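Me: Could you take me through one part of this model in some detail? I'd like to begin with a single residue and then see what else you can tell me.

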Amino acid sequence: MRTLAALSFTLLLSAVPALSQVTVGATPPMGWNSWNHFAGRVTDADVRGAADMLVATGMRDAGYTYVNVDDTWEGKRDSQGLLHTNERFPDMKALGDYIHSKGLKFGIYSSPGAKTCGGFEGSLGHEAQDAKMYAEWGVDYLKYDLCSFQDDMRKVKAEHPNESDAAKNLMIVAYRKMGDALKATGRPILYSLCQYGVDQPWRWGPGVGAQMWRTTDDIDDSYGRMIAIGFSQAGLAKYAGPGHWNDPDMLEIGNGKMTEEEYRTHMSLWVLLAAPLIAGNDLSKMNEADKNLLMNKEAIAIDQDALGKQGDRLYQSGDFDVWTKPLSDGRIAVGLFNRSWDNREVSVDLAEIGFRNGARLRDVWKQKDLGQQSGVFTDTIPKHGVTLLIVSK
Ligand code: GLA
């Protein structure tokens, strides 16, 4: 008996870290990241300001809890290999403490390569040391960006021209190395891969300990780029679920170069994709439209739905795109997208999505019940716009 009890106690103990890891990223991560707005200019004060604004605007309470410092915080390594910050980030532990004091979580950035994409120090050869340092700083999230590791991959490819997977395998080993190093710290740190979708990370990401992985190259604040990324996600739904998410890159809402309808398309598509919702705007300059888009509770609930299923394309015809996402309690979220330059009618056949006897419809952005409907539902959608519906019995 004693042996059995001791054994189950040991099993319980060894299960604890694993369980705490599972709770990381149970729904698509939400937060803010410095890159899309501040890029290489970001400072400690900007990040503290963002944390303050997440609280003041209600973004934190809407679910945006990660505050992520992207590239360009890094300084030089000392003779012990310990990485220091640069002058724009005088004290990372203090920054982490500040973020935590606001009820938020702290994210950081590095690369498996010698250099980050901004040319700063990466983690190559220092993975365990860096992971330990992140844990000491209270880091809760690491974005790990391929960057100069692509040079290492090109080199191995040239050296092994007959091994088609040589570069891919080298990359997977590098990502697994940091995944293992993060686990070894004992601190639950969400692991976010950023390698632009090279070699289908949705197939091997979970195996290296990642909770999310970028599926494409970088987004920018333009309608063309945003829809190119968003609508190219068709077919990836089966790789997403609690604890492992496809990441079509961060949000551009509020950065000013798209119309309100275009940003509505951005948010609608990202919630249908169960995408991580990482805002990338200057939170101190949000207008009412940006706030309504980023903080619409029903839109966020589609993204965060407990079923944890990513949506997919139902059909596409010319400039129309109809996407559906299964939700808990037998409900379905539907996005009717108009990519044309004119206002157009877009339809969905309710029978085709499983509601043969009709359904109740709710317009998420108008925050309006549309009552009981049956057959084909048609709506007039503004140019580059969307109607986002919740359909239920
Ligand atoms: C890459 C990433 C971006 C950002 C920059 C920083 O381009 O994809 O999201 O992190 O690097 O240099």
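Which class does Asp 349 fall in, buried, partly exposed or exposed, and what is its relative accessible area?

Reply: Happy to! A quick note on the ground rules: this is a predicted model, in which local features need pLDDT of at least 70 and side-chain atom pairs count only at pLDDT 80 or more, while totals for chains, interfaces and linings use all residues. Residues are numbered from 1 along each chain as its sequence is written, and side-chain values use heavy atoms, without hydrogens or water.

Asp 349 is partly exposed, because its relative accessible area is 27%, and that class lies between buried (under 20%) and exposed (over 50%), with a 1.4 Å probe and protein chains only. The residue belongs to strand E14, which covers residues 344–349. (Helices, H or I with at least four residues, and strands, E with at least two, are DSSP runs numbered from the N terminus.) In space, the C-alpha of Asp 349 lies 6.2 Å from that of Phe 377, although the two are 28 residues apart in sequence.

All 7 of its 7 residues are buried, so E18 is largely enclosed by the rest of the structure. Its side chains divide between two directions: Val 386, Leu 388, Ile 390 and Ser 392 point one way, and Thr 387, Leu 389 and Val 391 point the other way.

E18 also has strand partners, where pairing takes at least two DSSP bridges. Strand E13 (residues 332–338) runs antiparallel to E18 and is joined to it by 6 bridges; here Leu 336 stands opposite Thr 387. Strand E15 (residues 359–363) is antiparallel to E18 as well, with 4 bridges between them, and Leu 361 has Val 391 as its bridge partner. Thr 387 and Val 391, the E18 residues in these two examples, point the same way from the strand.

Elsewhere, the cysteines are worth a visit. The structure holds 1 disulfide, a term that needs two cysteine sulfur atoms within 2.5 Å. Its members are Cys 117 and Cys 147, whose sulfur atoms are 2.0 Å apart. The torsion about their S-S bond is about -95°, so this disulfide is left-handed. The pair links distant parts of the chain, 30 residues apart: Cys 117 sits in the loop between strand E5 (105–110) and helix H6 (127–137), while Cys 147 sits in the loop between E6 and helix H7 (149–159).

The two ends of that bond differ in their surroundings. Cys 117 is partly exposed because its relative accessible area is 48%, whereas Cys 147 counts as buried because its value is 6%. Cys 194 takes part in no disulfide, and the nearest cysteine sulfur to it belongs to Cys 117, at 6.6 Å. Cys 194 is buried too, with a relative accessible area of 1%.

Along the principal axes, the C-alpha atoms fill a box of roughly 70 × 60 × 50 Å.
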